[in-house]
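Subject: Structure for your files

Hello,

The structure is below, with the sequence.

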Amino acid sequence: MASVGIRGVKKQFGSVQIIHGVDIDIADEEFVVLVGPSGCGKSTLLRMIAGLEQISGGEISIGGTVVNSLPPKERDIAMVFQNYALYPHMTVYDNMAFSMKLRDAGKTEIDSRVQQAAEILSLKPYLDRYPRQLSGGQRQRVAMGRAIVRDPKVFLFDEPLSNLDAKLRVQMRTEIKALHQRLRTTSIYVTHDQVEAMTMADRIVVMHDGVVEQIGSPLELYDFPANQFVAGFIGSPAMNFLPGTLRRAAGTAWVDSAGGVRLPLPPIAGGRDGQPVVYGIRPEHLTLDAAGVAAAVSVVEPTGADTFVYAEIGGVPICATFDERHEFHPGEPIALAPRLDAVHLFDAATGTKVAASA
């Protein structure tokens, strides 16, 4: 096991810059998730850590050793891919043992490692089967077993659950988290699914257009997003954003939004009078209140545990979630009150969070 250091790492293909000087410190035994939309550079960064892509600038270290010039096999990492990458002509046992056979490990050691990994992953009944005889979840377990057998310093996961159905994804992410808690191997996991990131990570690295937007624990990013991009990316359903103008008078502050709507702000709200801003509020922080902001219901989605209500405030679409049972109908007028201590204010031009006043 080892720490991973990423210092000023850049990547370009020809004249196109993909990664713009990324800095991340990953502690020994930590589970870090790189998350962001397609094309943000997260998989490219993972492949550079693995040695599958050359870096254009900066430095990557594993366990304190700079690995820029080392080939993948000398970095002591194990990678789990989206498409499993299993050998179809080999049994589960042989797939898991293959890397150790390449190292000329002894038969007893190989068998011990494979049996141990199979026990951890509940694969013992399938060791004599071929990949075509397994379900998608079982194949992904074999891919993870192959990584465990190597006993690497670092596990790298490249969107390993993307090919699985929704129910199996939930099961497998629980299994991967439990596996990490048992093995305590430093792990770097790439996904575009923010729910995976929130439920699995010790820390999340949010990337966008080749730069790191914010690094923090799941709840840090959820409760204290650094900018509008992070606020909108982390959380499901996503945070509501209502553009407007910040106003101040008589010691109070509010936002004038579309359609003449006045959105309340807490007393500590920062920003200057007349500043163009974006008012952010999460769906679960809107409550029904006769004195709240007028809204018109568009769509109602009952999920069982919660009800998602899509509505419009001043013509701007928003979402509110309720765990109580309500009867809402399209076109029905309702009044929604934002929880003031949960309001986020962003600068409309830069997307950065407007700091609270002292």
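Strand β9 (residues 203–208) pairs with β10 in the antiparallel sense, over 5 bridges; two strands count as paired if DSSP finds at least two bridges between them. Valine 206 sits opposite glutamine 214 in β10. Helices (H or I, at least four residues) and strands (E, at least two) are DSSP runs, numbered from the N terminus.

This is a predicted model, in which local features need pLDDT of at least 70 and side-chain atom pairs count only at pLDDT 80 or more, while totals for chains, interfaces and linings use all residues. Residues are numbered from 1 along each chain as its sequence is written, and side-chain values use heavy atoms, with hydrogens and water left out.

Both strands belong to an open sheet of 6 strands, ordered β6-β7-β8-β3-β9-β10, with mixed pairing. β6 (77–80) and β10 (211–216) are at the edges with a single partner strand each, so one side of each has no neighbour in the sheet. From one strand to the next the twist averages 20 degrees (axes are lines fitted to C-alpha atoms, for helices over the stretch in contact; angles run from 0 to 180 degrees between N-to-C directions).

Lysine 42 lies in helix α1 (residues 42–50).

Regards
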